[in-house]
Amino acid sequence: MSIRGSCLCGSFVFEVDRVVGPFEICHCNRCRKKSGAAGLPMVGVMARDYRVLSGLDTVVTYEAPVLKMPPPYHSYFCKRCGSPLPPPNPGKWFEIPAGLFDDDPGIRPDKHIFIELVPDWDVVNDDLPRFNLRDLVRSRRGEELPEEHELVTHHGTRIKV
Ligand SMILES: [Zn+2]
Ligand SMILES: [Zn+2]
């Protein structure tokens, strides 16, 4: 049975056969701005398992300036209601904002990411693993960041990680 999702106004409707994960809650300041929330939960999906049922023409793409290296950060949203949306031309694997799902995607959040960017007012108090950029690069690419690595945030602030 497929798993459906949609935006706030219902223009954009999609379905997936399955989700593969990960299911990460991103606290980076760009995802916070895109969602207006403390963190943006995103579910990993394979493009072959995904179909847009309606509303592809309502997707607007905003490309944020590159902070450090490409690819640029993209925000996709419904031009009618502003809900964050999946990319209009997804790669082999991509992420869907979890709040769009109308049905249970069947998996649960597995970690918080960009934990070093959690603002002071946010309280992360569950038992999920908390990954900073260094942990993320290690788990995704199997690489170690150099000792003195700098993370450039949205407003150009540099944070040592
Ligand atoms: Zn909408
Ligand atoms: Zn993010």
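Guide: Start with L136. This is a predicted model, and in it L136 is partly exposed. The reason is a count: 18 other C-beta atoms lie within 10 Å of L136, and a residue needs 20 or more to count as buried. L136 sits in helix α2, which covers residues 133-141. Leave aside the neighbours within four places in sequence. L136 is then in contact with I113 and F131.

Now step across to F114. F114 and L136 are 22 residues apart along the chain. Their C-alpha atoms are separated by 8.1 Å. F114 lies in the loop between β9 (111-113) and β10. Is F114 buried or exposed? F114 is buried, because 25 other C-beta atoms lie within 10 Å, and the cut-off is 20 or more. The backbone deserves a look too. Most residues other than glycine have a negative phi. F114 is not a glycine, yet its phi is positive, at about 55°.

F114 leads us into the core. The largest nonpolar core has 25 residues. Which of them touch the most other members? They are V16, C26, V43, V45 and F114. Three strands, β2 (13-16), β3 (23-26) and β4, each supply at least two residues of this core. Strand β4 gives the most, with four residues. In soluble globular proteins, nonpolar side chains tend to be buried together.

Follow β4 next. This strand covers residues 40-46, and five bridges join it to β8. The two strands run antiparallel. V43 is in contact with V19, G21, F23, E95, I96, A98 and P105.

Strand β4 belongs to an open sheet of five strands. The order is β8-β4-β3-β9-β10, and the pairing is mixed. Where are the edges? They are at β8 (93-97) and β10 (130-131). Each has a single partner strand, so one side of each is left without a neighbour in the sheet.

G21, one of the contacts of V43, brings up another backbone feature. Most peptide bonds are trans. The bond that joins G21 and P22 is cis, with omega about 0°. P22 is in the loop between β2 and β3. Another cis bond runs from P70 to P71, with omega near 0°. P71 is found in the loop between β6 (59-63) and β7 (74-78).

Strand β2 takes us to another open sheet. Three strands form it, in the order β1-β2-β5, with antiparallel pairing. The edges are β1 (3-6) and β5 (50-54). Each has a single partner strand, so one side of each has no neighbour in the sheet. From one strand to the next, the twist averages 25°.

Look at β2 from both sides. Four bridges join β1 to β2. Here R4 has E15 as its bridge partner, and I3 stands opposite V16. Four bridges also join β2 to β5. On that side, V16 stands opposite Y50. The turn between β1 and β2 makes a hairpin, with six residues between the strands. G10 is in that turn and has a positive phi of about 85°.

Which residues of β2 are on the covered face? F14 and V16 are there, while V13 and E15 are on the uncovered face. In a regular strand the side chains alternate between the two faces of the sheet. V16 is also one of the core residues that touch the most other members.

Finally, step back to the whole chain. The protein chain has two helices and twelve strands. Along the sequence they follow the pattern β-β-β-α-β-β-β-β-β-β-β-α-β-β. The radius of gyration is 16 Å, close to the 15 Å that the globule rule gives for 161 residues, so the chain is as compact as a globular protein of that length. The C-alpha atoms fill a box of roughly 45 × 30 × 30 Å along the principal axes. Of the 161 residues, 24% count as buried. Take the contacts with a separation of 6 or more: residues 24 or more positions apart account for 57% of them.

Definitions and conventions
Residues numbered from 1 in each chain as written. Chains lettered and ligands numbered in written order. Predicted model: local features only at pLDDT ≥ 70, side-chain atom pairs only at ≥ 80, totals over all residues. Pairing = 2+ DSSP bridges. Core = buried A, V, L, I, M, F, W, Y, C linked by C-beta atoms within 7 Å. Buried ≥ 20, exposed ≤ 12 C-beta atoms within 10 Å, placed from the backbone. Contact = placed C-beta atoms within 7 Å. Rg over C-alpha atoms; globule rule 2.2 N^0.38 Å. Axes fitted to C-alpha atoms, helices over the stretch in contact; angles between N-to-C directions.
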